[in-house]
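Trainee: May we go through this structure together? I would like to learn how to read it.
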Amino acid sequence: GEQADALRWRQAGLNERQELALAYLLDKGRITNREYQSLCPDVSPETIRRDLADLVQKDLLLKIGEKRATYYIFK
C-alpha cells in the first residue's frame, strides 16, 4: 500500500522533492522533467536533473524516451 511505498522511499534516503515527485507519479502514472520543475519551482534545472537521475539509480524509476520527450515511470 501507500504506507509501505512511503516507508521504502524513506529508507532509500530520498529528499522531500523526490518524495513529492513520487507522490505525483502515484497520482498520474508518469512524470516529466518539466512537471517535476513545476512541483519544485525554486529548484534549479540541474538539481531537478540530478534528483531524477538519482531516483533511476536507486532503481525506483525507469527513464523512457530521449531529450525533450523523456519521461519517468515507476520501475
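Predicted model: local features only at pLDDT ≥ 70, side-chain atom pairs only at ≥ 80, totals over all residues.

Trainee: Let us start with H4. Does its length agree or disagree with what 13 residues should span?
Mentor: It agrees: at 1.5 Å a residue, the 13 residues of helix H4 (residues 45–57) should span 18 Å, and the end C-alpha atoms are 18 Å apart.

Trainee: Which residues of H4 are buried?
Mentor: Thr47, Ile48, Asp51, Leu52 and Leu55 are buried. They cover an arc of only 135° around the axis, which puts them on the same side of H4.

Trainee: Why would residues some places apart point the same way?
Mentor: An α-helix has 3.6 residues a turn, so residues three or four places apart point the same way.

Trainee: And what is exposed on the other side of H4?
Mentor: Pro45 and Gln57 are exposed there.

Trainee: What covers the buried residues of H4?
Mentor: The cover includes H2, helix H3 (33–39), strand S2 (61–64) and strand S3 (71–74).

Trainee: What happens just after H4?
Mentor: Asp59 takes a positive phi there, of about 70°.

Trainee: Changing topic: how many residues has the largest nonpolar core?
Mentor: That core has 16 residues. Those with the most contacts inside it are Leu22, Ile31, Tyr36, Leu52, Leu55 and Leu61.

Trainee: Which helix gives the most to this core?
Mentor: H2 gives the most, with 4 residues. H2 and H4 each supply at least two residues of the core.

Trainee: What does Leu61 touch?
Mentor: Beyond four places in sequence, its contacts include Leu22 and Leu25, Leu52, Leu55 and Val56, and also Tyr72, Ile73 and Phe74.

Trainee: Now Glu19. Where is it, and is it buried or exposed?
Mentor: Glu19 lies in helix H2 (residues 16–28). The residue counts as buried because its relative accessible area is 18%, and the cut-off is under 20%.

Trainee: What does Glu19 touch?
Mentor: Leaving out residues up to four places away in sequence, Glu19 touches Trp9, Arg10 and Leu14. Glu19 and Trp9 are 10 residues apart in sequence and 7.2 Å apart in space, C-alpha to C-alpha.

Trainee: Finally, where is Thr70, and what does its side chain reach?
Mentor: Thr70 is in the loop between S2 and S3. Its side chain reaches the backbone oxygen of Lys67 at 2.8 Å. Thr70 is also buried, with a relative accessible area of 11%, and among the residues it touches are Thr32 and Lys63.

Note on methods
Residues numbered from 1 in each chain as written. Heavy atoms only, no water. Buried < 20%, exposed > 50% of the residue type's maximum accessible area, 1.4 Å probe, protein only. Contact = heavy atoms within 4.5 Å. Expected span 1.5 Å × (residues − 1). Arc of directions from axis to C-beta. Polar contact = N/O pair within 3.5 Å; in protein donor to acceptor, adjacent residues only side chain to side chain. Core = buried A, V, L, I, M, F, W, Y, C linked by side-chain atoms within 4.5 Å.
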